[in-house]
Amino acid sequence: MPLENSVDAEAIFLGFPNWCGSFPRVVARFLESYDFSQKTLYPFCTHEGSSFGSSLIELRQLCPDSLIMLGLPVRGSKVQGADRAVKNWLAQYQNNGGMENGKK
């Protein structure tokens, strides 16, 4: 989805690498640049042992009026075997109405 339309979406999938315990500053800048109020955010990240670290806390601080759903942390060195985890995680999105209704 083009960036100019992304804020119009009900559900936003936010992917990032976990660097030093959180998302890269460019992700923070992106979150500060757009209004994600009343949006449902589905965070996912790659990491090498720290899962989300403090990124979900920071995400809640930067997007206090968003519904932040259960995220998916994937260990980077095991990403090749993450198919089942990704499918199960996406089922959560579909169970919440998918494209028609990203909110609970």
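Q: What should I know before I start?
A: This is a predicted model, where local features need pLDDT of at least 70, side-chain atom pairs count only at pLDDT 80 or more, and totals for chains, interfaces and linings use all residues. Residues are numbered from 1 along each chain as its sequence is written, and side-chain values use heavy atoms, with hydrogens and water left out.

Q: In what sense do β1 and β2 pair?
A: Strands pair if DSSP finds at least two bridges between them; strands (E, at least two residues) and helices (H or I, at least four) are DSSP runs numbered from the N terminus. Here β1 (residues 11-17) and β2 (residues 40-47) run parallel, over seven bridges. Phe 13 sits opposite Tyr 42 in β2.

Q: How do I describe a ring pair, and how many aromatic pairs are there?
A: You give the distance of the centres and the angle of the planes. Rings of Phe, Tyr and Trp (its six-membered ring) pair with centres within 6.5 Å; planes under 30 degrees apart are stacked, over 60 edge-to-face, the rest tilted. The count is eight aromatic pairs. Take Phe 13 and Trp 89: edge-to-face, 5.7 Å centre to centre, 85° between the planes. Phe 13 is in strand β1 and Trp 89 in helix α4, so this pair ties together parts 76 residues apart in sequence.

Q: Is Trp 89 buried or exposed?
A: Buried means under 20% relative accessible area, exposed over 50%, partly exposed in between (1.4 Å probe, protein chains only). Trp 89 is buried because its relative accessible area is 9%, while Phe 13, at 33%, counts as partly exposed.
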